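Keep the 3D view open as you read.

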Amino acid sequence: MITGKYPALRLRRNRKYSWIRRLVQENDLSHNDLILPIFLTDGKNKKIKINSMPGIFRYSVDLIPKVVENAIGNKIPMLAFFPNTDSKKKNNIGAEALNENNLVCRALKITKKKFANEIGIMTDVALDPYTSHGHDGLIRSNKILNDETIEILIQQSLLQAEMGSDVLAPSDMMDGRIGKIRKALDKKKFADVQLLSYAVKYASNFYGPFRDAVGSKRILKGDKKTYQMDFANSDEAIREVSLDIKEGADIVMVKPGMPYLDIISKIKNKFKIPVFAYQVSGEYSLIQNGINRNIISKNAILESLISFKRAGASAIVTYFANEIAKELD
Ligand code: PBG
């Protein structure tokens, strides 16, 4: 038991100089904690600004080797590809998700060919970048269909695995998809492909800029509350994670990030498995806009990322990955 008390005990003594603060520091951020999301677009030699995400771009696939090389140079262990699909290729079942020449498949092929296993690649399993209604699943009579959607997600998973994806990340929130995808992967000899389940994904207001980036914002009908979680709940997060672990998830994701540090902490303490956090687009834009307008210091980026480590996250998907990696050097 700690018996000391003021004035014999003064906690400020351990904060006196930088060297002692460094010695007693409990958490740290390193390159090994970073996952970089990359947005893809059609065309050649295209680097297109995303208005709602200052400093973030969509790249055409021919530029991807350069983008990947830069990430490897920044010692980032893994990337995540997200496509901005041409609206002419979107339909109500998201068929473009199963096209082996879609943006994600092309980016996977070119990256794996050039860089093999120098860097990990994670791909989203969900239909929203491909559907004309912007939802993650199939719709009938205004209902998002669970089991029918999973059948397509299985095909999408197998295709991405075949194209070289290392980590499949189902972000759709359909019930039972982890087990079904795992089974299908194992049957097709993809036993080594990892499943990073977006086990805890909230129906959040912080996804706006991402939906703008992948072109689903204006077309999205209604909200995603019948499949993504209610942001008032946390017991439900535990149930989601325990099911996904039983179904074969290797890693679980909590999303969004900063408003859900309590959830990260609970899951890490309870299950002792790798938990990744997603600092989503709305969080990025809030911080970046604050920095651009001189309202907050650039150090807010590091502060936000360390908060995930403190909560127990093993890694963080963040649009700041390149920027912060350079600073860590
Ligand atoms: C969709 C998906 C979303 C994000 C990642 N995958 C948005 C959504 O569910 O509407 C959001 C990421 C971000 O906001 O940065 N399956």
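## The nonpolar core

The largest nonpolar core has 107 residues, and those with the most contacts inside it are F39, M122, V200 and I267. Helix α4 (residues 146-162) gives the most to this core, with seven residues. Please remember that this is a predicted model.

Take I267 as an example. Leaving aside its neighbours within four places in sequence, I267 is in contact with V200, I238, V241, V252, V254, K272 and V275. In soluble globular proteins, nonpolar side chains tend to be buried together.

## A look at helix α10

Now find helix α10, residues 299-311.

Which residues of α10 are buried? They are A300, I301, S304, L305, I306, S307, F308, K309 and A311. The cover over these buried residues includes α8, β11 (275-279), α9 (281-292), β12 (315-318) and α11 (321-328). Just after α10, G312 takes a positive phi of about 120°.

## Two helix partners

Two packed helices are described by the angle between their axes and the distance between the axes. Helix α8 (residues 261-271) packs with α10 at an angle of about 30°, the axes being 8 Å apart. Angles under 35 degrees count as roughly parallel, so α8 is roughly parallel to α10. On the α8 side the contact is made by L261, I264 and S265, and on the α10 side by S307, F308, R310 and A311. Sorted by class, the residues of this contact of α8 with α10 are four nonpolar, two polar and one charged.

The axes of α9 and α10 come within 10 Å and cross at roughly 150°. These two helices are therefore roughly antiparallel to each other. Here E283, I287 and I291 of α9 meet A300, I301, S304 and F308 of α10. The contact of α9 with α10 has five nonpolar residues, one polar and one charged.

## A loop residue, N99

Finally, look for N99 in the loop between β4 (78-83) and α3 (103-115). Is N99 buried, partly exposed or exposed? Its relative accessibility is 27%, so N99 counts as partly exposed.

Leaving aside its neighbours within four places in sequence, N99 is in contact with C105 and L159. N99 and L159 are 60 residues apart in sequence, yet their C-alpha atoms are 8.5 Å apart in space.

Notes
Residues are numbered from 1 along each chain as its sequence is written. This is a predicted model: local features need pLDDT of at least 70, side-chain atom pairs count only at pLDDT 80 or more; totals for chains, interfaces and linings use all residues. Side-chain values use heavy atoms; hydrogens and water are left out. Axes are lines fitted to C-alpha atoms, for helices over the stretch in contact, and angles run from 0 to 180 degrees between N-to-C directions. Helices (H or I, at least four residues) and strands (E, at least two) are DSSP runs, numbered from the N terminus. Angles under 35 degrees count as roughly parallel, over 145 as roughly antiparallel, 65 to 115 as roughly perpendicular and the rest as oblique. Contact means heavy atoms within 4.5 Å. Ala, Val, Leu, Ile, Met, Phe, Trp, Tyr, Cys and Pro count as nonpolar, Asp, Glu, Lys and Arg as charged, and the others, Gly among them, as polar. Buried means under 20% relative accessible area, exposed over 50%, partly exposed in between (1.4 Å probe, protein chains only). A nonpolar core is a set of buried Ala, Val, Leu, Ile, Met, Phe, Trp, Tyr and Cys residues joined through side-chain atoms within 4.5 Å.
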